[in-house]
Amino acid sequence: MTLEAAAIRLLVRNWRGRYTVPAGGLYPHQWSWDSAFIAIGWRHLSARRAQQELESLFSAQWSDGRLPQIVFDPSRDDDYSPGAAFWRSAELPGSPPVPTAGLVQPPNHAWAALLVHRADPRESRRRGFLERAYPALVAWHTYLRDRRTDASGLAHVVHPWESGMDNSPFWDEPLSAVPEAGLDRVPRPDLEHAAATDRPSDTEYRKYLHLAAAYRDAGVADDGSEQFRVHDPAVNALWARSELALGEIAGELGERADHDERAQRIADALERLWHPGLGCYVARDARTGRLQEHRTVSGLVPLILSGVPRAPELLETLRGPSFRLGTSVLVPSADVQAPTFDTSRYWRGPSWFNTAWLMVEALERHGAEHEARSLARDVITHAEASGFAEYLHPFTAAARGTRAFSWTAALALDLHH
Ligand code: 2M8
């Protein structure tokens, strides 16, 4: 079977009528930033499905503008933890009519919406896609600006899950002060679908659950009581990239708005996260002001912005001994030389397809066409060879995590087109 046929088969299998699950077993609901990446693949097959994927998420938007991390399928509530019964979102102020998590995920949606529109502008106009998407996306970005941004100009995450890179070394220090949820047994349905050595530890899960419960019990109010508040480079770079996309969407609709200026302000604020000694951006604990001194793929993501002042140093770091572009498999999620490096455990070393896709975009943007093409070819080859794995051993390309993972198929398909 060709890459295209296999990817299509997977996406069709993971489609649930209005959205695509990241993986049928491990992730049986709709995830926020997954849907944006998945829509980028769907647009080549069905512009309509790509639009519906995003619209399904918009229909779960909270009244304060937040787009939730997860929109739950209530019929699968025993299959994932923490689920709808944990969040009880209906009891929380401003929640939508469908059950969702109270947390958010990285804001890649406006960027995806623009790409989806461009794939088939006629169908997009016929369905009034941008007219409906634009206000939802503006409300989402307004939430980030009003409820998540402090004087630094950067948006913070209140939980490692919000970064999408759940057990990144960036969170080790901020999590060290967080108590563990007092549970006899940590519910781990995830371990029925992926090896324990590929997933976060029980200790991390106890902290994740403590933080999520505390945020829920405070009415997801963003009132400053959060025990975890961190500025992440990828989250903010994606926000800036999406703000630029919103500017283009506004232009399509004939609206006047200051999205480009907002994007520039976020890009300027990102400079607070620059670590000259490491040659990349790092996370910053917003509660203590401390920079988290680790090289991770998140710290390279600002390369998706054309004007990023640190492009030469970032490219050097990407090519250097920590990430070894061209020698390692795709782009490792964390510094392969660091003491925290782990070839299997999730976001502490394995190579992921969404971040490789972002690095293809980054390399193209900064004139490294040859490396961009080579990385894109590797994404396609490894996606197919691994059975569309969630992530890969960064040296051997052995499949890690779950298989038949939707964004792996969608983004390989996108690079194939
Ligand atoms: C992973 O995160 C979820 C929690 O959101 C989990 O581990 O259960 C991350 O890789 C995240 O980036 C992704 O969105 C999610 C679904 O694919 O899985």
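**Salt bridges**

I searched the whole structure, a predicted model, and found 29 salt bridges. I then looked up individual pairs.

I started with Arg-147 and Asp-64, whose side chains meet in a salt bridge at 3.5 Å, N to O. Arg-147 sits in helix 7 (residues 129-148), while Asp-64 sits in the loop between helix 3 (47-58) and strand 2 (70-71), so this pair ties together parts 83 residues apart in sequence. Arg-147 is partly exposed, at 30% relative accessible area. Asp-64 is also partly exposed, at 24%.

Next I took Arg-148. Its side chain meets that of Asp-222 in a salt bridge of 3.2 Å, N to O. Arg-148 belongs to helix 7 and Asp-222 to the loop between helix 10 (202-217) and strand 4 (230-231), so the pair ties together parts 74 residues apart in sequence. I checked burial for both partners. Arg-148 is buried at 1% relative accessibility. Asp-222 counts as buried at 14%, because the cut-off is under 20%.

Asp-172 lies in helix 9 (residues 172-176) and Arg-348 in the loop between helix 13 (311-319) and strand 9, so parts 176 residues apart in sequence are tied together. Asp-172 is partly exposed at 30%, whereas Arg-348 is buried at 12%.

I turned to strand 9. It belongs to an open sheet of three strands, in the order 9-10-11, with antiparallel pairing. Strand 9 (351-352) and strand 11 (399-400) are the edges, each pairing on one side only. Two bridges join strand 9 to strand 10 (residues 391-392). I located Trp-352 opposite Tyr-391 of strand 10.

**Asn-354**

Is Asn-354 buried or exposed? I find it buried, at 0% relative accessibility. Asn-354 lies in helix 14 (residues 353-365). Leaving out residues up to four places away in sequence, Asn-354 touches Trp-33, Phe-37, Trp-347, Trp-407 and Leu-411.

**Core**

I looked up the largest nonpolar core. It has 142 residues. Trp-407 is among those with the most contacts inside it, and so are Leu-54, Leu-137, Ile-304, Trp-357 and Leu-375. Helix 11 (residues 233-252) gives the largest share, 10 residues.

Beyond neighbours within four places in sequence, Leu-137 is in contact with Phe-58, His-109, Ala-110, Ala-113, Leu-246 and Ile-249.

How values were computed. Residues are numbered from 1 along each chain as its sequence is written. This is a predicted model: local features need pLDDT of at least 70, side-chain atom pairs count only at pLDDT 80 or more; totals for chains, interfaces and linings use all residues. Side-chain values use heavy atoms; hydrogens and water are left out. A nonpolar core is a set of buried Ala, Val, Leu, Ile, Met, Phe, Trp, Tyr and Cys residues joined through side-chain atoms within 4.5 Å. Buried means under 20% relative accessible area, exposed over 50%, partly exposed in between (1.4 Å probe, protein chains only). Helices (H or I, at least four residues) and strands (E, at least two) are DSSP runs, numbered from the N terminus. Contact means heavy atoms within 4.5 Å. Two strands pair if DSSP finds at least two bridges between them. A salt bridge is a side-chain nitrogen of Lys or Arg within 4 Å of a carboxyl oxygen of Asp or Glu.
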